[in-house]
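Student: I'd like a close look at one part of this model. Could you start there and then show me how its side-chain contacts compare with those elsewhere?

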Amino acid sequence: MLSGVCIGANDLSAAGRFYDEVLATIGMKRVFSDPRELGYAGADGRISLFVLLPFDGRAATSGNGTQVMFYAPDAEAVRAFHAAALRCGGRDEGAPGPRSYHPDYFGAYVRDLDGNKLNVSVSQENSSSA
């Protein structure tokens, strides 16, 4: 069972501003902060995403083929996540919309300030606003 994901950042303050705004669109909030890491949780209060300065002191880098994936409650939240990421300095990797992966898929892709790829999606069958 997956307990959480860590994402490296080079500027923790900037990353915090980015993730605070972006993750709020899907009901996540920062519940932990210290000088080297931030923790984000959903409604259950359990931290499932850490954003941190790499332990080894070297620069944070993104992985080729690596992405962190989030569920959104509806298509409007997918759109809000994508828009917030772009507004906060992220890069577009795929605008909100349906994809051919699954007949009921609706999602979007962005890169954060350090190049980490993020995906947010919702099943259209569970969303009236797709």
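How accessible is tyrosine 101, in relative area?

Tutor: Tyrosine 101 has a relative accessible area of 46%, so it falls in the partly exposed class (buried is under 20%, exposed is over 50%, partly exposed is in between, with a 1.4 Å probe and protein chains only). Tyrosine 105 is at 11%, which makes it buried. Before going on, keep in mind that this is a predicted model: local features need pLDDT of at least 70, side-chain atom pairs count only at pLDDT 80 or more, and totals for chains, interfaces and linings use all residues. Residues are numbered from 1 along each chain as its sequence is written, and side-chain values use heavy atoms, with hydrogens and water left out.

Now the rings. Phe, Tyr and Trp rings (for Trp, the six-membered one) pair if their centres lie within 6.5 Å; planes under 30 degrees apart are stacked, over 60 edge-to-face, and the rest tilted. That rule gives four aromatic pairs. One of them joins tyrosine 19 and tyrosine 40, tilted, with 6.2 Å between centres and 50° between planes. Tyrosine 19 sits in helix 1 (residues 12-24) and tyrosine 40 in strand 3 (residues 37-41), so this pair ties together parts 21 residues apart in sequence. Helices (H or I, at least four residues) and strands (E, at least two) are DSSP runs, numbered from the N terminus. Tyrosine 19 is buried at 2%, and tyrosine 40 is buried at 1%. Back at your spot, tyrosine 101 and tyrosine 105 pair edge-to-face, 4.9 Å centre to centre with 70° between the planes. As for the other rings, Phe18, Tyr19 and Tyr40 are linked by ring pairs into a cluster.

On to charges. With a salt bridge taken as a Lys or Arg side-chain nitrogen within 4 Å of an Asp or Glu carboxyl oxygen, the whole structure has five. In one of these, aspartate 20 meets arginine 30, with the closest N and O atoms 2.8 Å apart. That bridge links distant parts of the chain, from helix 1 to strand 2 (residues 29-34), 10 residues apart. Aspartate 20 is partly exposed at 32%, and arginine 30 is partly exposed at 31%. Arginine 87 bridges to glutamate 21, the closest N and O atoms being 2.7 Å apart. Arginine 87 is in helix 2 (residues 75-87) and glutamate 21 in helix 1, so this bridge ties together parts 66 residues apart in sequence.
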